[in-house]
Amino acid sequence: MADRRVSGSETFVNLSDVNAEEGRGILGEGVEEVDDQGMIVTDDEEETIEDKWFINPDFILLGPKIGEGGHAKVYEGIYDSASVAVKIMQPGSTEEEHAKRRKRFMREVKMLSRVQHENLVKLIGVCKEPTVIVTELLRGGSLKRFLRGMRPNRLDLQLSVHFALDISRGMDFLHANGIIHRDLKPDNLLLTDDKKNLKLADFGLAREETVTEMMTAETGTYRWMAPELYSTVTLKDRKHYTHKVDIYSFAIVLWELITNRTPFEGMSNLQAAYASAFKKSRPPLDSIPNDLSTILDRCWAEDPLMRPEFWEITGMLSSFLATLQVSSSVRSTQTTPPSIFEMGQCSASNSYPLAADSPGTRHLMGGRSGGEEDVDRNSKSSIFGCFNNCFS
């Protein structure tokens with residue numbers, strides 16, 4: 001019998017029991033990668049993962065499915081009495097494909113186990129059989145879903161820049177540790193439960209920069225790919241590229257945060273990549289503040305060497321956000337000047353910059369022409385009596 005537990009309105013079952021009920025092929029049975037001579041190829045990624053990250057699948061409870069991609073399904077789960085996200089690798093159609101997917105999974109674990117940062121999804125553990133990654137659960141969902149749910153409206157500009165800063169800080173930390181993400185896009189950015197912050201996820205395509213000269217495949221999603229990556233894949237050369245590919249992808253995401261539109265609208269993914277790489281096309285900058293337009297122009301520059309580092313981007317965005325906040329604060333503190341009738345309630349203890357005998361004040365307090373009776377300047381009930389009290 002499967003171990004079942006009810007949490008709220010959802011039923012959670014033991015991962016191992018689901019594996020037995022549905023068949024190991026559903027969750028991903030291990031398949032060894034072999035060379036041309038039939039010898040087992042050692043998985044270097046798995047060997048470099050510390051033992052502390054491997055957990056027993058018997059202790060994982062599986063709940064409702066919350067996401068699905070081409071290589072994996074993601075479920076809400078429970079581990080060690082805490083809510084978690086359980087990412088389960090799906091089997092490939094061939095043994096070779098399955099081995100590649102497993103290697104990608106282990107690479108993601110390796111990268112996640114090396115870096116801990118407030119803007120990176122937190123790794124909990126990994127299982128070998130079935131091949132599973134357990135991370136913290138972020139109930140805010142993906143940035144892609146969040147933005148699409150708001151259309152045709154845009155995000156508040158301050159929130160857009162705040163989200164961009166979360167991404168920039170997380171990416172700066174990755175680059176400082178020699179890691180290139182290579183698949184930065186709204187699908188791989190997750191919102192915290194309160195939807196006030198973003199965290200980077202999905203490190204299956206991430207690489208250490210020291211080995212980028214050998215990377216020619218699995219280089220991200222076309223619409224967000226840097227031009228040099230696309231030409232590398234298309235032309236099948238082994239051109240060396242750097243962490244600056246992430247800067248270009250960030251620029252496309254920043255443009256989406258500001259406009260809440262799809263980049264390269266009306267084009268397929270391949271058409272978008274071709275336009276970027278060979279026609280040097282970029283999304284339009286109309287209606288975008290000048291300071292942000294400057295950042296975008298620098299980040300998606302054709303020459304990778306001209307693109308700024310993420311620590312520079314963080315500084316520019318922080319300065320722009322501070323300016324927005326100051327402007328907002330000034331607007332919120334502006335008040336309407338009191339009417340002249342409200343001024344009649346001022347007391348003699350109040351002080352004002354105009355003296356009682358200044359020309360403007362003297363005219364107001366002077367007698368009327370044409371022989372009319374003078375206004376009693378000392379009367380507190382008179383409008384002009386206020387001026388006497390206030391400016392004396």
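Reader: I'm looking at Lys199. Which residues does Lys199 touch, not counting residues up to four places away in sequence?

Author: Contact just means heavy atoms within 4.5 Å. With that sequence limit, Lys199 touches Glu118, Asn119, Leu120, Val121, Glu136, Leu138, Asn188, Leu189, Leu190 and Thr192. Before we go on, residues are numbered from 1 along each chain as its sequence is written, and side-chain values use heavy atoms, with hydrogens and water left out. Also, this is a predicted model, so to speak of a local feature we need pLDDT of at least 70, and of a side-chain atom pair pLDDT 80 or more, while totals for chains, interfaces and linings use all residues.

Reader: Got it. Which side chain makes a polar contact with the side chain of Lys199?

Author: That's Glu136, at 3.0 Å. A polar contact is a pair of N or O atoms within 3.5 Å; within protein, one must be able to donate a hydrogen and the other to accept it, and residues adjacent in sequence count only if both atoms are side-chain atoms.

Reader: And is Lys199 buried or exposed?

Author: Buried, because its relative accessibility is 15%. The cut-offs are under 20% relative accessible area for buried, over 50% for exposed and partly exposed in between, using a 1.4 Å probe and protein chains only. Lys199 belongs to strand 10 (residues 198-200). Helices (H or I, at least four residues) and strands (E, at least two) are DSSP runs, numbered from the N terminus.

Reader: How many bridges pair strand 4 with strand 5?

Author: Strands pair if DSSP finds at least two bridges between them. Strand 4 (residues 72-79) and strand 5 are antiparallel, with 8 bridges, and Gly77 faces Val84 in strand 5. These two strands make a hairpin with 2 residues between them, where Asp80 has a positive phi near 55°. In strand 5 (residues 82-89), 6 of the 8 residues are buried.

Reader: Which strand does strand 5 join through 5 bridges?

Author: Strand 7, again antiparallel; there Lys87 has Ile133 as its bridge partner. Strand 7 (residues 132-136) also pairs with strand 6 in the antiparallel sense, over 4 bridges. Leu123 stands opposite Thr135, and 4 residues lie between strand 6 and strand 7 in their hairpin. As for cover, 4 of the 5 residues of strand 6 (residues 123-127) are buried.

Reader: How many aromatic pairs does a search of the whole structure find?

Author: It finds 3. One of them joins Phe146 and Phe163, edge-to-face, 6.3 Å centre to centre with 75° between the planes. Phe146 sits in helix 5 (residues 143-150) and Phe163 in helix 6 (residues 157-176), so the pair ties together parts 17 residues apart in sequence. For Phe250 and Phe310, the centres are 5.4 Å apart and the planes at 85°, so that pair is edge-to-face too. It links distant parts of the chain, with Phe250 in helix 8 (residues 244-259) and Phe310 in helix 11 (residues 310-333), 60 residues apart. Phe250 and Phe310 are both buried.

Reader: What are the cut-offs there?

Author: Rings of Phe, Tyr and Trp (its six-membered ring) pair if their centres lie within 6.5 Å; planes under 30 degrees apart are stacked, over 60 edge-to-face and the rest tilted.

Reader: Last one: which ring does the charged end of Lys128 sit over?

Author: The ring of Phe54, 4.9 Å from its centre. The rule wants NZ of Lys or CZ of Arg within 6 Å of the ring centre and within 35 degrees of the ring normal. Lys87 lies over the face of Phe105 as well, 5.6 Å from the ring centre.
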